[in-house]
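Q: I want to learn how to read salt bridges in a model. Where do we start?

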Amino acid sequence: MFKLIYKSIYIVISIFIITLIYLSLVGIKTSAFNKIIEKEIISIDHRLSVNLKEVYFKLNLRKINVTIQTENPKIFFENIPISLEEISLNFDPINLINKENKLESLSLKSRENS
């Protein structure tokens, strides 16, 4: 009986650890945060527009927060394209649970542009 309980606990803990590792390294592809990213970029300058393809939801275990990351987004400044490598937004997980859209940080990594 105890062996069954120990095996069950071991399996649950293993699945939890594998899930945390997967969420911190790969993440989950989602489109739920596209409007939040677009809203934050437009709040920087109203002349900006953005076209996002793939957005990933990742856990940052070092800082204990959630990272929303997109690679190779298309951003336009008055219809002039700007090459970006990555856009990252960092949230506190408590704010996500409370459905508050408070950002800790917004990061834009740029490529070489003329």
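A: Start with one pair. In this predicted model, Glu 86 and Lys 109 form a salt bridge, with their closest N and O atoms 3.5 Å apart. Glu 86 belongs to strand β6 and Lys 109 to strand β7 (residues 103–110), so by DSSP runs the pair links distant parts of the chain, 23 residues apart.

Q: Is Glu 86 buried or exposed?

A: Use the cut-off: buried means under 20% relative accessible area. Glu 86 has 11% relative accessibility, so it counts as buried. Lys 109, at 42%, counts as partly exposed.

Q: Which residues do shared partners join into one network?

A: Asp 45, Arg 47 and Glu 78. Take the pair of Glu 78 and Arg 47: the closest N and O atoms are 3.8 Å apart. Glu 78 is partly exposed at 48%. Arg 47 is partly exposed too, at 38%.

Q: What does Lys 29 form a salt bridge with?

A: Glu 54, with the closest N and O atoms 3.5 Å apart. Lys 29 is in strand β1 (residues 28–30), while Glu 54 is in the loop between β2 (48–51) and β3 (55–60). The two are 25 residues apart. Lys 29 counts as exposed at 53% relative accessibility, whereas Glu 54 is partly exposed at 35%.

Q: How many salt bridges are there in the whole structure?

A: A search finds 4.

Conventions
Residues numbered from 1 in each chain as written. Predicted model: local features only at pLDDT ≥ 70, side-chain atom pairs only at ≥ 80, totals over all residues. Heavy atoms only, no water. Salt bridge = Lys/Arg side-chain N within 4 Å of Asp/Glu carboxyl O. Helix = DSSP H or I, 4+ residues; strand = E, 2+ residues; numbered from the N terminus. Buried < 20%, exposed > 50% of the residue type's maximum accessible area, 1.4 Å probe, protein only.
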